[in-house]
Amino acid sequence: MTAREGSLEAPTRHPLDWKNPEFYDESKALAEMERVFDICHGCRRCVSLCNAFPTLFDLVDASESLEVDGVDKKDYWKVVDQCYLCDVCYMTKCPYVPPHPWNLDFPHLMLRAKAIQFKQGTPTKLRDTALSSTDRNGKLATIPVVVQLVNKAKENATLRQFGEKSVGVHHSAWLPDFTTKPFRSHAAASPAHAATDGQRTPGKVAVFATCFVNYNEPGIGHDLLKVLDHNQIPYSLVEKEACCGMPKLELGDLESVDALKRKNIPKLAKLARDGWAIVAPIPSCGLMFKQELPLMYPDDADVQAVKAAMFDPFEYFVARHKDGLLKTDFAQPLGKVSYHVACHLRVQNVGQKTRETLQMVPDTQVNTIERCSGHAGTWGVKKEFHETALKIGRPVFRQMAEHPGGEPDWIASDCQLAGHHITQGMQIAGKPTEGKLAHPITLLRIAYGLKE
């Protein structure tokens, strides 16, 4: 009996067997890549998602056999390098994911390959390790005086050209500023609101600030606290928070992911068991605790408790609204909003909660774009991938500019890194973006009429 085409069952994810020595066996990994690549070659449904699949199919089409068996296995690593683990192929396109008998998990196979690469060492390992050390970079870059030098350096064309040659960061890629006032050390204390639990939501929120909000754009965090306060939801910040580990995961540095897990999970698990909703304003960090760590540690009760307590902010707000506990006293219309759904939010499988929330605001028209922007964290700023990242994002750049109501008033993405990448792409295409980019949490604060 032949395997059926596609699957009607909901996709499931097998635990990541990363502690098994065979996980790092290169010959076994290459054999699995050959099996999976052959299935992908016969399907080609994912060709438009990213550059991993066109790279694979070009290799096949250039081979003598016109099949995967004609591709030199050394070239498999070219496919691995193009994957940035967005997970969209698994969640939205592939008909052969488990429980289908072909058991195809392309992103986690690529993660396995990246872990093998990282252990073996690559020519760019030093650069990649430095870029993925977001906590360390933030702590260093926000030292007084240093922060001004760092921010000025990224705007200097000569230094950027030098940085591309010496470090491997593309000279024209957008890079974030570092703040002189990190969020965690300048966050307002929670007013003494009584916690009101709903059927779907705990009545108190622990904020996992994330490296980006803490060191780069603290305004997102402050806006989140103002929205929580406006809704009379008591909050706290997660104590001694460390990086979630997503940048290290994307690099294949699983030992560093494990070290960060051991720093974060005990504190987060205590909050979860004490009845706190844990909210992370950056989707990649939420996904780390909702999916990747639970798959790495399927039998760890603390990890599973954190998974159950973790919310995307707008997932929490919509559930709060269904509980009859979210204020809708919006004072300011938002007009025309072009909103991009971040990939790492899409794969959380919670629906378009950001769109649902923003559409509650009167006189607000939300144009939703559900496609990868191509940024992918540190991947999109590297000199060997930046032009590809812009190419992948072109359909998004175009659609974000084409709001059905006319020129958009706001450009927003749940992933602020993607938001900046989108505005850069729109600017290259000659589309106006000045003063339009705002995180959806900031838009919600504006809609409530709350001051900065």
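Which residue in β7 is the bridge partner of Val337? In this predicted model, that partner is Trp410, and the sections below place the pair within the chain.

## Basis of the model

The structure is a predicted model in which local features need pLDDT of at least 70 and side-chain atom pairs count only at pLDDT 80 or more, while totals for chains, interfaces and linings use all residues. Residues are numbered from 1 along each chain as its sequence is written, and side-chain values use heavy atoms, with hydrogens and water left out.

## Overall form

The protein chain has 22 helices and seven strands, where helices (H or I, at least four residues) and strands (E, at least two) are DSSP runs numbered from the N terminus. Its radius of gyration, taken over C-alpha atoms, is 22 Å, which agrees with the value near 22 Å that a compact globule of 452 residues would have; the globule rule is 2.2 Å times the number of residues to the power 0.38. Along the principal axes, the C-alpha atoms of the protein chain fill a box of roughly 65 × 50 × 45 Å.

Buried residues (under 20% relative accessible area, with a 1.4 Å probe and protein chains only) make up 57% of the 452 residues. Of the contacts (heavy atoms within 4.5 Å) in the protein chain with a separation of 6 or more, 80% are between residues 24 or more positions apart.

## Strands β5 and β7

Strand β5 (residues 335-340) runs parallel to β7 and is joined to β7 by four bridges, two strands being counted as paired if DSSP finds at least two bridges between them. In a regular strand the side chains alternate between the two faces of the sheet. Both faces of strand β7 (residues 410-413) are covered, with Trp410 and Ala412 buried on one side and Ile411 and Ser413 buried on the other.

## Helix α2

Helix α2 (residues 52-62) is largely enclosed by the rest of the structure, because eight of its eleven residues are buried. Among these buried residues are Phe53, Leu56, Phe57 and Val60, and the buried residues of α2 pack against α1 (26-43), α3 (76-82), α4 (88-93) and α5 (106-120).

## Leu268 in helix α14

Leu268 lies in helix α14 (residues 254-273) and is buried, with a relative accessible area of 0%. Not counting residues up to four places away in sequence, Leu268 touches Phe208, Val238, Ile278, Phe289 and Val306. Leu268 and Ile278 are ten residues apart along the chain, and their C-alpha atoms are separated by 7.8 Å.

Terms used: Buried < 20%, exposed > 50% of the residue type's maximum accessible area, 1.4 Å probe, protein only.
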